[in-house]
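Here are a few notes to go with your first look at this one. Have it open beside you as you read.

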Amino acid sequence: MYMLPGDPVDMVVNDKVSPERKAEIAHELGYDQPFMTQFFNWSKNALHGDFGTSVRYKNEVWDMMKARIPYSLKLCGLSLVLELIIALPLGLLCAMKKDGFFDRFTVNFSLLLTAIPSFWLGALMIIVLAVQLKLVPISGYEHWQNYIMPVLTMTLGSVGGTLRITKTEVLEVINEKYVTTAYAKGLPKKTVMIKHVLRNSLILVTNLVFMSIPWLISGAVITERIFGFPGMGNLLLNSIIQQDITVVQAVLLLIAILTVICNLLSDILMGILDPRIRLSLTGGDD
């Protein structure tokens with residue numbers, strides 16, 4: 001941010017303001033101080049819950065973030081739930097029908113969706129679903145119809161990764177001895193696959209979900225921008241463009257803190273779900 005061309009003061013004043021007045025504004029905002037001094041002062045205030053004031057919007061940064069977090073949570077939360085609903089059963093079916101037509105088609109099609117840029121997919125949905133077919137509104141966030149295209153855009157772009165992880169984990173678990181024992185007991189294949197295989201394959205997927213939580217809060221930058229959602233992603237992108245340094249620092253700090261916390265919670269939960277991880281950490285002592 002500090003190395004970007006341009007002066008942040010130019011973003012809040014017009015061309016008619018004199019250089020002397022710009023220098024005064026820069027001094028009032030602390031932009032005339034060295035980078036490390038600015039960052040230290042901001043960090044010291046952030047430790048006390050003061051993230052500063054937006055230079056562009058003249059509002060408290062934390063108040064701006066609180067107003068936008070619910071929109072990002074709803075949008076990204078719906079996308080994550082839909083992604084799991086689609087990816088988990090498809091991943092299981094692909095593992096059961098390994099190297100068959102269904103497996104090859106599903107995996108390759110999911111790879112194709114993953115390769116498509118989200119901004120292109122979002123623009124395509126706007127043209128087809130909103131402009132030509134007029135099935136959903138182009139933008140907005142007041143009604144549930146406004147969430148259809150953004151949720152689909154995010155889900156289609158990310159479902160491939162979760163699908164492939166689920167398939168890989170299922171194929172590994174299928175060869176475990178307890179699965180063979182379940183078959184030997186005469187349990188139906190459906191029961192074995194759901195209760196024994198899929199359940200034990202979800203450990204890595206659980207980790208993936210936890211690592212997605214920081215981005216549930218921070219929002220989807222490109223998707224929110226395309227569909228005009230007033231979420232954290234849109235706030236972050238606008239703040240970068242307008243060189244609103246205090247807002248960018250606050251959003252990135254929130255992402256960093258959530259990432260550390262979710263990493264810790266994920267490790268704890270994986271140890272609870274998988275005794276092998278717990279035993280490897282304790283050296284076999286319980």
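**Notes on the rings and a surface patch**

1. Let's start with Phe51, which counts as buried because its relative accessibility is 16% (buried is under 20% relative accessible area, exposed over 50%, partly exposed in between, with a 1.4 Å probe and protein chains only). Bear in mind that this is a predicted model, where local features need pLDDT of at least 70, side-chain atom pairs count only at pLDDT 80 or more, and totals for chains, interfaces and linings use all residues. Numbering runs from 1 along each chain as its sequence is written, and side-chain values use heavy atoms, leaving out hydrogens and water.

2. Phe51 makes a tilted aromatic pair with Trp62, at 5.9 Å centre to centre and 35° between the planes. Rings of Phe, Tyr and Trp (its six-membered ring) pair if their centres lie within 6.5 Å; planes under 30 degrees apart are stacked, over 60 edge-to-face, the rest tilted. Trp62 is partly exposed, at 35% relative accessible area.

3. What does the search of the whole structure find in aromatic pairs? There are 7 of them. In one, Trp42 and Phe51 have ring centres 6.3 Å apart and planes at 50°, so that pair is tilted too. Trp42 is buried, with 11% relative accessible area.

4. Ring pairs also tie Phe39, Trp42, Phe51 and Trp62 into a cluster.

5. Now for the surface: a nonpolar patch there includes Phe119, Trp120 and Ile222. Ile222 is partly exposed because its relative accessibility is 41%. Patches take residues with over 30% relative accessible area and no salt bridge, joining like charges within 9 Å and nonpolar side chains (Val, Leu, Ile, Met, Phe, Trp, Tyr) within 5 Å; a salt bridge is a Lys or Arg side-chain nitrogen within 4 Å of an Asp or Glu carboxyl oxygen.

Key
Accessible areas come from the Shrake-Rupley method with a 1.4 Å probe; for residues, only the protein chains shown count as cover.
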